[in-house]
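Trainee: I would like to learn how to read a model like this one. Could you walk me through some features, one at a time?

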Amino acid sequence: MNNQTAANGKRQSLQGQWSTRMAFILAVTGSAVGLGNIWKFPYIAGENGGGAFVLIYLLCVFAVGLPIMMSEILIGRRGRRNPVTTMGIVGEEEGGSRNWALVGIMGIIAGVLILSFYSVIAGWAMSYVFSTASGTFVDADAAQVKLIFDELSGSWKISAFWHTVFVVITVAVVAQGVQRGLERLVKILMPALLVLLLVLLAFSMNSGYFGQAVEFMFSPNFSALTPNGVLIALGHAFFTLSLGMGAVMAYGAYLPEGTSITSTSILVVLADTGIALLAGLIIFPVVFSYGLESDAGPGLIFQTLPLAFGHMPGGVFFGTLFFILLSFAAWTSSIGMIEPAVAWMTESKGIKRGVAASILGGFTWVIGFGTVFSWNLWQDKTFFKGTFFDNLDYLISNIALPLGGLMITIFAGWVMCRNSTSDELSCGTGLMYKSWRFLARYVAPAAVILVLIEASSGGIVSDYLAKIGD
Ligand code: TRP
């Protein structure tokens with residue numbers, strides 16, 4: 001027996017394992033919960049009209065996201081290697097082709113590109129720690145708060161500074177490796193973030209506009225939803241759960257045998273969704289009570305939350321703590337974005353972990369300037385979906401991740417043998433297994449394909465559905 005194979009003949013990870021099931025849950029939750037939940041979900045829900053968008057998003061999370069998360073974890077544990085190698089060897093073992101490795105390569109590229117813009121926004125969150133702590137927002141009105149945001153995003157130098165800091169701290173943790181780096185961090189931070197969100201919720205519930213926010217988020221008005229909005233909801237289901245690029249697959253490779261993939265995935269999906277909804281319920285009452293625009297875009301939380309902090313008792317303290325925790329939530333996510341690439345470079349190319357993380361960090365850092373410039377130097381250079389940032393986010397979140405997820409679910413549902421998947425999911429052939437397989441083989445692929453057709457055709461699918469409905 002060598003160090004790559006366990007006594008039962010199964011492969012073992014080359015990067016160590018999670019010490020407990022809880023550590024794995026926290027790591028995947030840490031990767032899932034981040035800017036996607038607190039920064040992105042509220043602003044895209046606002047831009048796409050609220051209720052109907054939220055409903056479609058929830059559908060996508062449970063009918064598409066959950067089965068794909070299970071698929072990623074089971075493929076990862078089966079292969080026990082980085083996503084590129086794993087897709088190749090499992091593909092071959094299951095009677096498919098080695099070329100499935102391409103899905104892993106696509107994921108690695110997507111991960112580096114996501115980090116490139118993610119770290120700019122995370123940088124803003126870090127800079128807000130300092131502006132909140134120094135009392136800048138105390139008693140500020142909406143116009144002043146907006147001005148402070150515009151000053152930050154409008155200065156490429158300040159944005160670039162914080163972007164650099166964030167890339168560096170991400171590389172630093174990834175360089176340390178799975179257990180030492182990732183585990184320690186998430187164990188403390190995730191629970192703390194939840195507590196703080198509940199404090200903020202209490203503030204919003206007392207704002208007098210809570211009912212209006214609930215109405216906005218949960219009463220669906222389908223005329224406010226465009227075909228492209230449906231694609232954005234689907235793309236966000238992938239983005240927020242860290243799916244479609246092999247991140248969860250890479251984490252699954254470090255999962256001990258015998259840990260239940262099904263219950264772990266359900267827990268992560270519930271936690272992630274709960275936090276996103278919580279963020280919406282915190283932000284929209286503030287939006288309505290100050291007469292702000294719900295479709296303010298990427299600046300939304302940076303223009304709403306400081307108002308809440310500026311007017312609540314203990315606001316400087318809670319506000320500072322909030323932006324600290326938001327930065328940490330971003331940090332526990334960002335490490336997952338380059339972990340697949342780092343694992344691939346160390347395992348297949350023999351590059352040391354620290355070196356691999358630094359090279360990737362370098363790429364990300366340079367590409368990130370495109371996003372930094374999107375609010376200043378290149379502000380007016382718009383094409384297709386808008387600025388450089390708008391296009392990058394659109395192409396990655398709404399096109400690349402759903403396509404990656406589509407390949408992954410086809411792989412788990414159609415290429416892998418029944419025996420292998422039921423063995424990994426260890427739920428026999430009961431209802432649980434049947435449901436997963438049904439979702440993974442039919443529902444998830446069909447949903448992704450239909451939504452892509454719907455958005456690229458400007459609404460062919462919904463027109464057709466409306467016609468047969470008449
Ligand atoms: N899920 C993260 C968030 O909501 C963002 C993300 C997308 C991510 N893809 C990822 C995180 C891959 C880690 C790995 O903020």
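Trainee: Which handedness does the crossing of helix 3 and helix 16 have?

Mentor: A crossing is called left-handed if the near helix is turned anticlockwise from the far one by less than a right angle, and right-handed if clockwise. Helix 3 and helix 16 cross in the left-handed way. The helices themselves are DSSP runs (H or I, at least four residues), numbered from the N terminus. Before we go on, this is a predicted model: local features need pLDDT of at least 70, side-chain atom pairs count only at pLDDT 80 or more, and totals for chains, interfaces and linings use all residues. Residues are numbered from 1 along each chain as its sequence is written, and side-chain values use heavy atoms, with hydrogens and water left out.

Trainee: At what angle do helix 3 and helix 16 cross?

Mentor: Axes are lines fitted to C-alpha atoms, for helices over the stretch in contact, and angles run from 0 to 180 degrees between N-to-C directions. Angles under 35 degrees count as roughly parallel, over 145 as roughly antiparallel, 65 to 115 as roughly perpendicular and the rest as oblique. Helix 3 (residues 51-79) and helix 16 cross at roughly 65°, and their axes come within 9 Å. That makes helix 3 roughly perpendicular to helix 16.

Trainee: Which residues in helix 3 meet helix 16?

Mentor: Contact means heavy atoms within 4.5 Å. From helix 3, Ile68, Ser71, Glu72 and Ile75 meet Gly405, Ile408, Thr409, Phe411 and Ala412 in helix 16. The residues of this contact divide into five nonpolar, three polar and one charged. In that count, Ala, Val, Leu, Ile, Met, Phe, Trp, Tyr, Cys and Pro are nonpolar, Asp, Glu, Lys and Arg are charged, and the others, Gly among them, are polar.

Trainee: How does helix 5 pack with helix 16?

Mentor: Helix 5 (residues 101-133) packs with helix 16 (residues 388-415) at an angle of about 150°, and the axes are 10 Å apart. That makes helix 5 roughly antiparallel to helix 16. This crossing is left-handed. On the helix 5 side the residues include Val103, Met106, Ile114 and Phe117, and on the helix 16 side they include Phe389, Ile396, Leu403 and Ile408. The contact of helix 5 with helix 16 has 14 nonpolar, three polar and one charged residue.

Trainee: What is a nonpolar core, and how many residues are in the largest one here?

Mentor: In soluble globular proteins, nonpolar side chains tend to be buried together. A nonpolar core is a set of buried Ala, Val, Leu, Ile, Met, Phe, Trp, Tyr and Cys residues joined through side-chain atoms within 4.5 Å. Buried means under 20% relative accessible area, exposed over 50%, partly exposed in between (1.4 Å probe, protein chains only). The largest core here has 164 residues, and those with the most contacts inside it are Ile38, Met69, Ile75, Ile114, Phe302 and Phe322. Helix 5 gives the largest share of this core, 18 residues.

Trainee: What does Phe302 touch, leaving aside its neighbours within four places in sequence?

Mentor: Phe302 is in contact with Trp39, Ile121, Trp124, Ala125, Tyr128, Val145, Phe149 and Phe323, with those neighbours left aside. Gln303 is buried, at a relative accessible area of 14%. Not counting residues up to four places away in sequence, Gln303 touches Val145, Lys146, Phe149 and Leu292.

Trainee: Is Gly299 buried or exposed?

Mentor: Gly299 is buried, with a relative accessible area of 4%. Its place is the loop between helix 12 (261-289) and helix 13. Along the chain Gly299 and Lys146 are 153 residues apart, yet their C-alpha atoms are separated by 8.6 Å.

Definitions and conventions
Helix = DSSP H or I, 4+ residues; strand = E, 2+ residues; numbered from the N terminus.
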